[in-house]
Amino acid sequence: MVASLLVLNGSGNGKVLFMVEKGDAFILKDLYLRAPVGTTKEYNEYVQSTIQEIANILSGAISNSLASDLGLVILPTPPLVTCDFAGAIF
């Protein structure tokens, strides 16, 4: 598994965890960088950066929606990416 954790601070505290299987993270990296699917064969800084960016975009959209709907101030931290077994990540 590859996961990205973001902590939400402010008047609406919480955490956002975005997880994908390692093979799917490789596919996402290929799609994100417009490479043919299957190009990526190993976990590297490009895979990590892609997962960081996707998690950042998703958590930003979620936290902005919650903040505007509920009148909260939510400030996400930079994403922290890890690659390990799902049980170790939790």
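Leaving aside its neighbours within four places in sequence, which residues is Thr-50 in contact with? Point 5 gives the answer.

1. **Model and confidence.** This is a predicted model. The chain averages a pLDDT of 91, and 100% of the residues score at least 70. Confidence is highest in helix 1, at 96. Confidence is lowest in helix 3 (residues 86-89), where the mean is 78.

2. **Layout.** The chain holds three helices and four strands. From the N terminus on, their order is β-β-α-α-β-β-α. Taken along the principal axes, the C-alpha atoms fill a box of roughly 45 × 30 × 15 Å. The chain has 90 residues, and 30% of them count as buried. Take the contacts between residues at least 6 apart in sequence: 55% of these join residues at least 24 apart.

3. **Nonpolar core.** Eleven residues make up the largest nonpolar core. They are Val-2, Leu-6, Phe-18, Val-20, Ala-25, Phe-26, Val-47, Ile-51, Ile-54, Ala-55 and Val-81. At least two residues of this core come from each of strand 1 (2-10), strand 2 (14-20), helix 1 (22-32) and helix 2 (45-70). Helix 2 gives the most, with four residues.

4. **Helix 1.** Ala-25, Phe-26, Lys-29 and Asp-30 are the buried residues of helix 1. Why do they lie on the same side of helix 1? They do so because they cover an arc of only 140 degrees around the axis. Residues three or four places apart point the same way, because an α-helix has 3.6 residues a turn. The buried residues of helix 1 pack against strand 1, strand 2 and helix 2. Just after helix 1 comes Arg-34, with a positive phi of about 55 degrees.

5. **Thr-50.** Thr-50 lies in helix 2. Its relative accessible area is 2%, below the 20% cut-off, so Thr-50 counts as buried. Leaving aside its neighbours within four places in sequence, Thr-50 is in contact with Leu-28, Lys-29 and Tyr-32.

6. **Helix 2 as a whole.** Helix 2 has 26 residues. From first C-alpha to last, helix 2 reaches 36 Å, close to the 38 Å expected at 1.5 Å a residue. The buried residues of helix 2 are Val-47, Thr-50, Ile-51, Ile-54, Ala-55, Ser-59, Gly-60, Ser-63 and Ala-67. What covers them includes strand 1, strand 2, helix 1, strand 3 (74-76) and strand 4 (80-83).

7. **Ends of helix 2.** Look at the start of helix 2. There, a side-chain oxygen of Asn-44 reaches to within 3.0 Å of the backbone nitrogen of Tyr-46. Just after helix 2, Gly-71 takes a positive phi of about 70 degrees.

8. **Phe-85.** Where does Phe-85 lie? Phe-85 is in the loop between strand 4 and helix 3. Is Phe-85 buried or exposed? Its relative accessibility is 67%, above the 50% cut-off, so Phe-85 counts as exposed. Phe-85 and Met-1 are 84 residues apart along the chain. Their C-alpha atoms are separated by 5.7 Å.

Conventions
Residues are numbered from 1 along each chain as its sequence is written. This is a predicted model: local features need pLDDT of at least 70, side-chain atom pairs count only at pLDDT 80 or more; totals for chains, interfaces and linings use all residues. Side-chain values use heavy atoms; hydrogens and water are left out. A nonpolar core is a set of buried Ala, Val, Leu, Ile, Met, Phe, Trp, Tyr and Cys residues joined through side-chain atoms within 4.5 Å. Buried means under 20% relative accessible area, exposed over 50%, partly exposed in between (1.4 Å probe, protein chains only). The arc is that of the directions from the helix axis to the C-beta atoms. Contact means heavy atoms within 4.5 Å. pLDDT is the predictor's confidence in each residue, from 0 to 100. The expected span of a helix is 1.5 Å times one less than its number of residues. A polar contact is a pair of N or O atoms within 3.5 Å; within protein, one must be able to donate a hydrogen and the other to accept it, and residues adjacent in sequence count only if both atoms are side-chain atoms.
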